[in-house]
Amino acid sequence: MAAACAAASASLSPPQSTAQRPAAQGRIVFPCASAGSRSRSLRLRPAGRRSPAIRSMPRANKAVVAALADPLKVMIAGAPASGKGTQCELIKTKFGLVHISAGDLLRAEIAAGSENGKQAKEFMEKGQLVPDEIVVNMVKERLLQPDAQENGWLLDGYPRSYSQAMALENLEIRPDIVILLEVPDELLVERVVGRRLDPVTGKIYHLKYSPPENEEIASRLTQRFDDTEEKVKLRLETYYQNLQSLLSTYEDLIVKVKGDAKVEDVFSEVSNLLSSSLEKKTQSVASA
């Protein structure tokens, strides 16, 4: 049996001098498993061409087509206390994106007392941006993890400078849309100074706009070391210095949203923008 199979395989092979490289489209022939059985073949498709199943798929079947599209990639930007965190929670819940915050990554390093954390804290206490070399690698590694690659990602408050944006561009990491929340400076300062953190649950409160539910929670709330009027004004200066270069990098992707409206109204506009962006990606796959 083995001899017959070997003989059949040899008879199908071209002479060494005339053997050619397989074409991109053709058949892979599997040798017979036993004498008398027929060879099976698997037809190959050139990269980028849709299978007949996809070509014949009803356009109304958006859920199936959407699953074939690349996952949604979103950046959300804005000054400190512009409402990015609140909107990110709502976006994450509705669209299932992986929320990635450079600030959270940095604070985790600070809490761990790592060398990167110690260096970052020195800059943050002065109201300055943390140097790129401390942040870029952390963000890159998080973006490339399987959950972010499979479900899509929501990059919160990063990049904040031209050099950070260029670092992502060089890594070919680019969003589908950039949401820019715009809020008047006086309201930003008020939001920051009244902001408090519950160290037990991690929930963010505001003494005026979102007070704690009871006295027990109120008694344990803490204030971030850089959530003071003096430091937030320094942070705003730094933010505006870098905003223009950020706008130029993502000029064709940025959509401005007024962030001083009610939370639900802001999210309604943001949600419509993301749904539209996702629809475009879906249509692109359906018409490819």
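T238 is in contact (heavy atoms within 4.5 Å) with G127 and L129, leaving aside its neighbours within four places in sequence. T238 sits in helix α12, residues 229-249; helices (H or I, at least four residues) and strands (E, at least two) are DSSP runs numbered from the N terminus. T238 counts as buried because its relative accessible area is 16%; buried means under 20%, exposed over 50% and partly exposed in between, with a 1.4 Å probe and protein chains only. This is a predicted model, in which local features need pLDDT of at least 70 and side-chain atom pairs count only at pLDDT 80 or more, while totals for chains, interfaces and linings use all residues. Residues are numbered from 1 along each chain as its sequence is written, and side-chain values use heavy atoms, with hydrogens and water left out.

**Overall fold**

- The protein chain has 13 helices and 9 strands.
- Of its 288 residues, 36% count as buried.
- Among contacts in the protein chain with a separation of 6 or more, 68% are between residues 24 or more positions apart.

**Nonpolar cores**

- A nonpolar core is a set of buried Ala, Val, Leu, Ile, Met, Phe, Trp, Tyr and Cys residues joined through side-chain atoms within 4.5 Å.
- The largest nonpolar core has 25 residues, of which V135, L143, W153, L155, Y158, L168 and Y250 touch the most other members.
- At least two residues of this core come from each of β4 (98-101), α5 (102-112), α6 (115-125), α7 (132-143), β5 (153-156) and α9 (162-170).
- Helix α7 gives the most to this core, with 6 residues.
- A second, separate core of 16 residues includes I76, V266, V270 and L274.

**Helix α7**

- The 12 residues of α7 should span 16 Å at 1.5 Å a residue, and its end C-alpha atoms are 16 Å apart, which agrees; the expected span is 1.5 Å times one less than the number of residues.
- The buried residues in α7 are D132, I134, V135, V136, M138, V139, R142 and L143.
- These buried residues pack against β4, α5, α6, α8 (146-151), β5 and α9.
- V135 is in contact with A102, L106, V130 and Y158, leaving aside its neighbours within four places in sequence.

**Cavity**

- The model has 1 cavity of 30 Å³ or more; on a 1 Å grid over the protein atoms alone, a cavity is a set of points where a 1.4 Å probe fits but cannot get out, and lining residues have an atom within 4 Å of a point.
- About 50 Å³ of space lies in the largest cavity, where volume is the space filled by probe spheres set on the points, and grid points are joined across faces, edges and corners.
- Its lining consists of M75, I76, A77, G157, Y158, P159, V178, L246 and Y250.
- Strand β3 (residues 73-78) supplies the largest share of this lining, 3 residues.
- The lining has 8 nonpolar, 1 polar and no charged residues; Ala, Val, Leu, Ile, Met, Phe, Trp, Tyr, Cys and Pro count as nonpolar, Asp, Glu, Lys and Arg as charged, and the others, Gly among them, as polar.

- A77 lies in strand β3 and counts as buried, at 11% relative accessibility.
- Leaving aside its neighbours within four places in sequence, A77 is in contact with K84, I179, L180 and L181.
- E186 is in helix α10, residues 185-193, and is exposed, with a relative accessible area of 62%.

Notes
On a 1 Å grid over the protein atoms alone, a cavity is a set of points where a 1.4 Å probe fits but cannot get out, and a pocket is an open set with protein on both sides within 12 Å along at least five of seven lines; lining residues have an atom within 4 Å of a point.
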